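Here is a short note for a first look at this entry. Please keep the structure open while reading the points below.

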Amino acid sequence: MDNLPRVSANGNTGPVDAALVPRYAGAATFARLPRLDQVERTDVAVVGVPFDSGVSYRPGARFGGNHVREASRLLRPYNPALDASPFGNLQVADAGDMAVNPFSIHEAIETVQQNALDLTGGGARLLTLGGDHTIALPLLRAAAERAGTPVALLHFDAHLDTWDTYFGAEYTHGTPFRRAVEEGILDTDALSHVGTRGPLYGKKDLEEDRRFGFGIVTSSDVLRQGVDEVVAKLRERIGDRPLYISVDIDVLDPAHAPGTGTPEAGGLTSRELLEILRGLRGLNLVGADVVEVAPAYDHADITAVAASHVAYDLITLMGLSA
Ligand SMILES: N=C(N)NCCCC(=O)O
Ligand SMILES: [Zn+2]
Ligand SMILES: [Zn+2]
């Protein structure tokens, strides 16, 4: 362990104390937490996947993880919205980045799956910072293997990501959830998209998506029904199943998340997204990701700040899980 003063509780090594070491000093780990090699056990591992070879439009999400880590320096140890101290309830550590091959999507997918299994071997849960949405497939494979059963999926995104192929390619950022359904790793009674909007290729996209078992809460549903009604519907659909949450940051309106590769107008506010997440307290959250942060299109770290808070609330939820 380094000799930096940390905010620690319940035997868990916490973030470097911002009252004693300026929060902008030193190399960035998520929320200034210890690295994985600095702790003896881990309840939640935060890991980056610097991979964006699966994108269909603007690249750059390979730089997302470190951009979110930099923006996460301002996170504080107590989360009043959930009345919890996530880094005191759990040992959370930053596992660094997976060494994924940028020239072979197939090999990258294998690496993500294997690294996810390695990191969760001792019972830790994973919070992954993307990377493009392709990586959700191997992360779901690992989550289902660890859960020993297909998992429920709550998918926040402007897009369905249940398309079939692009240029004949099966593994892209627009196709992970179709592949996951085909592979039988998702519990098809408990699949939800939230925040969906924008033009599609055709009505067939929605028909196929429904056939796979997905329920959709569109971005306008969130506006018209409100957060509480949406949360109640999601909770009912998920029940006590092992749950994986995948957050494509483009679920947010481009005003709240400009730094992403396939932006769509009319999205959620960061407040709406955080409020929905906070309504999920007590569910059996087994893993989560925040993907598609592309710093080259970000301004004033707007997207990275939102993503870091989403990751923080997801970790808090892991500490409040059933
Ligand atoms: N951002 C994600 N994950 N998918 C977007 C795919 C949109 C498209 O190329 O049609
Ligand atoms: Zn998307
Ligand atoms: Zn997506």
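1. Start with Arg6. Its side chain makes a polar contact with the side chain of Asp2, at 2.9 Å. A polar contact here is a pair of N or O atoms within 3.5 Å; within protein, one must be able to donate a hydrogen and the other to accept it, and residues adjacent in sequence count only if both atoms are side-chain atoms. The Arg6 side chain also reaches the backbone oxygen of Arg32, at 3.3 Å.

2. On the model itself: it is predicted, local features need pLDDT of at least 70, side-chain atom pairs count only at pLDDT 80 or more, and totals for chains, interfaces and linings use all residues. Residues are numbered from 1 along each chain as its sequence is written, chains are lettered from A and ligands numbered from 1 in the order in which they are written, and side-chain values use heavy atoms, with hydrogens and water left out.

3. Is Arg6 buried or exposed? Arg6 is buried, because its relative accessible area is 17% (buried is under 20%, exposed over 50%, partly exposed in between; 1.4 Å probe, protein chains only). Arg6 lies in the segment before β1 (strands are DSSP runs of E, at least two residues, numbered from the N terminus). Leaving aside neighbours within four places in sequence, Arg6 is in contact with residues including Met1, Thr13, Arg32 and Gln38 (contact means heavy atoms within 4.5 Å).

4. Met1 is also in the segment before β1, a strand that spans 44–48. Met1 counts as exposed, because its relative accessibility is 53%. Not counting residues up to four places away in sequence, Met1 touches Arg6, Thr13, Pro34 and Gln38. Met1 and Thr13 are 12 residues apart in sequence and 9.7 Å apart in space, C-alpha to C-alpha.

5. Now ligand 1. The residues around ligand 1 include Ser56, His133, Trp163 and Asp248 (each has a heavy atom within 4 Å of it). A polar side-chain atom of Tyr201 lies 2.4 Å from an oxygen atom of ligand 1. Polar side-chain atoms also lie by nitrogen atoms of the ligand: Asp161 at 2.9 Å and Glu292 at 3.4 Å.

6. Last, the lining of the largest cavity. Leu243, Ile245, Leu280, Gly282, Leu283, Leu285, Leu317 and Ser321 line it. A cavity is a set of points, on a 1 Å grid over the protein atoms alone, where a 1.4 Å probe fits but cannot get out; lining residues have an atom within 4 Å of a point.

Terms used
1 Å grid on protein atoms, 1.4 Å probe; cavity = no way out; pocket = protein on both sides within 12 Å on 5 of 7 lines; lining within 4 Å. Helix = DSSP H or I, 4+ residues; strand = E, 2+ residues; numbered from the N terminus.
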